[in-house]
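Here is a short briefing to read alongside the model. Have the sequence and the 3D view open, and take the topics in any order you like.

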Amino acid sequence: METADLIFRIVLIVVIFAISLVVAMYSTYAERKVAAFFQDRVGPNRAGPWGILQPLADGGKMFLKEEIIPTNATGFLFIVGPSLAILTACIGSAVIPWGSAIQIGGRTFDLQVTDINVGVLYIFGVVSLGVYGIMIGGWASNNKYSLLGAIRAASQNISYEISMGLSIIALLMLTGTLSLKEIAEQQHGFHWNVWRQPLGFILFLVCAFAETNRSPFDLPECETELVGGYHTEYSSMKLGFYLFAEYINMFISSAVMATLYWGGYNYPFMDDMAVWFSPNTAAIVGVVILFGKIFFSIFFFMWVRWTIPRFRYDQLMDLGWKILIPLAIANIVLTGVGSTLLTHFGY
Amino acid sequence: MSTFYFIAFLSIFFSILVISAKNPVHSILYLILTFFTFTIHYILLNAQFLAIVNFIVYMGAILVLFLYTLMLINLNKESEPVKPFMVKIAGVFGGGILAVAVASSLKLIGASNPVLLQNPDLGLVKNLGKVLFNEFLLPFEISSVLLLSAMVGAVLLATKEKEPKAA
């Protein structure tokens with residue numbers, strides 16, 4: 001790898017890391033503002049203009065609070081839990097293509113940290129690893145409520161991973177590649193995958209809600225039944241890490257959804273843009289558009305949270321096993337038959 | 001090569017911790033680390049697909065279920081099953097014999113004829129898929145039927161109890 005390439009990669013990694021943290025930070029603010037909007041309230045408005053410094057105030061409070069480790073907790077694992085949660089949340093961003101290639105001084109740079117040829121599976125692996133943070137933390141707290149929350153998280157993640165995987169398979173049958181870069185390139189212009197896989201997208205969306213433990217699937221932290229769920233015993237920044245990991249997960253899963261189904265950085269008339277202005281301008285507009293899609297998707301997560309009440313646990317399992325999995329299998333069959341017929345009749 | 005020796009050392013180190021850890025949950029966590037080192041081994045062998053599947057299936061699903069089951073079991077000192085002394089002796093004896101058998105059979109194979117891969121990129125998704133669905137289609141399908149029958153069997157066992165009540 002050349003030096004210029006290496007430097008660009010390192011800069012890109014730092015920038016993406018910073019962006020995911022800032023987005024997660026301001027998602028907490030946005031969540032409270034959105035909640036206020038839906039409930040006809042004002043929301044946070046004291047710290048700075050429109051309460052825009054509220055996340056900083058929250059962060060300062062988290063850092064300065066007294067740190068409590070319960071006497072009966074398993075000390076080391078109690079710390080490993082939140083660390084693992086935030087680690088798995090952050091490493092998912094490595095394979096997402098943030099934009100088409102840009103040119104600096106005659107060189108071409110990809111706006112993607114690494115393009116491994118099993119990118120989709122990598123995301124899937126990171127998601128399935130994410131549950132360990134919750135499980136280890138919940139178990140190490142040595143508290144019945146935490147343990148119940150951890151167990152709920154584990155069974156929920158495993159159940160919804162299956163239908164998530166099946167809904168991705170239908171998409172992969174059309175794209176024929178596992179590399180996220182190629183998947184994004186195939187959706188050039190307005191050929192977004194969602195037009196070809198509407199059912200697959202809906203299944204993926206529901207599973208993404210379940211995998212990120214967002215309402216209406218936030219049963220691991222159901223406060224009416226389990227006090228605080230898996231993070232009952234946590235305080236200070238360790239609690240902050242758990243909450244933060246949820247928002248980073250939301251950001252990453254929004255980015256994955258945008259890349260897999262909503263065309264990633266592609267937008268209509270992108271070739272005309274490159275001709276009218278310059279290829280770099282078109283690429284930068286693409287990045288902005290990708291972030292627009294991601295932010296809308298994050299807003300959608302919040303919209304659903306403040307609209308739909310939480311499921312009961314048996315309803316959650318019924319939905320996962322009896323509705324989503326059969327639908328996902330039907331989607332695979334339909335996709336297979338459909339693409340075979342289309343090839344047969346020469347489209 | 002030094003990477004391989006380091007990772008191999010880690011694999012053996014963590015697998016020894018799996019069996020020597022007092023707390024079953026700790027031993028599962030060491031098992032997760034062991035499987036993680038296996039994933040690195042696969043990547044060193046350029047078998048990306050196998051690596052990521054090992055990551056997803058073993059680390060992400062099977063061991064989560066192990067951990068899940070262990071968390072539900074009461075792990076107090078009092079409820080710990082104490083095996084009689086004779087059983088322990090028999091276990092050591094059986095394990096020793098197995099070790100001798102494995103060591104001698106490994107000696108017979110010998111490290112002198114290593115397997116040479118014709119295609120070093122065999123482990124990539126596309127090549128692996130082609131081999132799996134052309135050359136080894138029948139074994140592949142049969143193994144999937146085997147898994148399906150295991151699943152049907154599990155469902156049957158789980159629902160068997162209910163029938164007399166309904167009748």
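Helices (H or I, at least four residues) and strands (E, at least two) are DSSP runs, numbered from the N terminus. Please keep in mind that this is a predicted model, in which local features need pLDDT of at least 70 and side-chain atom pairs count only at pLDDT 80 or more, while totals for chains, interfaces and linings use all residues. Residues are numbered from 1 along each chain as its sequence is written, and chains are lettered from A and ligands numbered from 1 in the order in which they are written.

- Ser236(A) lies in helix H11 of chain A, and its phi is positive, about 55°, although it is not a glycine.
- Ser236(A) counts as partly exposed because it has 16 C-beta neighbours inside 10 Å; a residue is buried with 20 or more other C-beta atoms within 10 Å of its own, exposed with 12 or fewer, and partly exposed in between, the C-beta atoms being placed from the backbone.
- In chain B, Asn46(B) is not a glycine either, yet has a positive phi of about 65°.
- Asn46(B) sits in the loop between helix H2 (24-44) and H3 of chain B, and with 14 other C-beta atoms within 10 Å it is partly exposed.

**Helix packing in chain A**

- H1(A) and H11(A) pack with their axes 9 Å apart and at an angle of about 110°; axes are lines fitted to C-alpha atoms, for helices over the stretch in contact, and angles run from 0 to 180 degrees between N-to-C directions.
- The two helices H1(A) and H11(A) are therefore roughly perpendicular, on a scale where angles under 35 degrees count as roughly parallel, over 145 as roughly antiparallel, 65 to 115 as roughly perpendicular and the rest as oblique.
- On the H1(A) side, the contact is made by Ser20(A), Val23(A), Ala24(A), Ser27(A) and Thr28(A), and on the H11(A) side by Phe244(A), Tyr247(A), Ile248(A), Met250(A) and Phe251(A); two residues are in contact if their C-beta atoms, placed from the backbone, lie within 7 Å.
- This contact of H1(A) with H11(A) has 7 nonpolar, 3 polar and no charged residues, where Ala, Val, Leu, Ile, Met, Phe, Trp, Tyr, Cys and Pro count as nonpolar, Asp, Glu, Lys and Arg as charged, and the others, Gly among them, as polar.

**Helix H13 of chain A**

- Buried residues of H13(A) include Ala282(A), Gly286(A), Ile289(A), Lys293(A) and Phe301(A).
- Among the elements covering the buried residues of H13(A) are helix H1 (3-38), strand E1 (99-104) and helix H11 (236-260) of chain A.

**Chain B on its own**

- Chain B has 7 helices and 0 strands, and buried residues make up 11% of its 167 residues.
- Of the contacts in chain B with a separation of 6 or more, 54% are between residues 24 or more positions apart.
- H2(B) and H3(B) pack at about 175°, with their axes 8 Å apart, and that makes H2(B) roughly antiparallel to H3(B).
- The residues in the contact of H2(B) with H3(B) are 19 nonpolar, 3 polar and no charged.

**Where the chains meet**

- In chain B, 17 residues are in contact with 20 residues of chain A.
- Helix H3 (residues 48-72) of chain B gives the largest share of the side of chain B that touches chain A, 14 residues.
- That side of chain B has 15 nonpolar, 2 polar and no charged residues.
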